Amino acid sequence: WMEHAHPMDWKTFVTRAWYGHRSDHDYNIMRERRQNEMREKCVDRYSFGETVPCSMEDSDEMFVEGLGPYKYELNRDGSGRPYASVIDMRRDKILNHLSVAGFEGTKAFYPLRYEDLKAGGTEELIAEMERVTGLTRAANCTAFGGRAAVQEDQESDGETEVSRRMLRTGKDNPLHTHKELPKDFVTWMNKYADWEVEGRLGYSRREG
């Protein structure tokens, strides 16, 4: 895997097709025309036309300790084509994640963003899980307080209050810790990301 990996700039990463390489075991399946027999039998229970490689033996050739199996997911439309961009795959990943709400056996569904948990902590989530399941948290289950829980705003009358602001981007926000993004990166994402789908998670275009 590391022999095939090459550092690249962000523009190259998001504009090249999301595609890996098949190897001997996959080629044998293709020569023997057994692709249809591999339905839900490939890596992580994918079918042949859904991932590259299909064979676990081919995936193991590029296995790296600490990472999941080597695989590239193909377009969800069943065409067997790679995604033109990782951004397109992200769109389908979001839609698939949100569809869990309609799965048989799903009693409750809470799509959470990592940055919101990091800012606001996990107490509300744990409390909601207790409410939905009827179970009580273990004695050693301690909620993470989050950055916003300790952010105090000074009021004009000298009193303070705990800020419950959501983590947002911008240099004026003390909860913002990542570096400023290049303007051309923001412009590209504003143009090509699916903001209708991103909006379902609470994301929106950023000013360039």
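1. Helices (H or I, at least four residues) and strands (E, at least two) are taken here as DSSP runs, numbered from the N terminus. With that in hand, Arg33 sits in the loop between α2 (24–31) and β1.

2. A word on the basis of this note. You are looking at a predicted model, in which local features need pLDDT of at least 70 and side-chain atom pairs count only at pLDDT 80 or more, while totals for chains, interfaces and linings use all residues. Residues are numbered from 1 along each chain as its sequence is written, and side-chain values use heavy atoms, with hydrogens and water left out.

3. Now the overall layout. The chain holds eight helices and four strands, and read from the N terminus its elements follow the order α-α-β-α-β-α-α-α-β-β-α-α.

4. Among contacts (heavy atoms within 4.5 Å) with a separation of 6 or more, 48% come from residues 24 or more positions apart. The accessible surface of the chain is about 14800 Å², and carbon and sulfur atoms own 51% of that surface; the areas come from the Shrake-Rupley method with a 1.4 Å probe, and for residues only the protein chains shown count as cover.

5. Next, the interior. A nonpolar core is a set of buried Ala, Val, Leu, Ile, Met, Phe, Trp, Tyr and Cys residues joined through side-chain atoms within 4.5 Å. The largest one has nine residues, including Val14, Tyr83, Val86, Trp188 and Trp195. Both α4 (86–98) and α7 (183–192) supply at least two residues of this core, and α4 gives the largest share, three residues.

6. Val86 is worth a click: leaving aside residues up to four places away in sequence, Val86 touches Phe13, Val14 and Trp18. Apart from this core lies another, of six residues, with Ile29, Cys42, Tyr46 and Phe48 among them.

7. Some backbone details deserve a look too. Val52 and Pro53 are joined by a cis peptide bond, with omega about -5 degrees. Pro53 belongs to the loop between β1 (51–52) and α3 (56–60).

Technical notes: Buried < 20%, exposed > 50% of the residue type's maximum accessible area, 1.4 Å probe, protein only.
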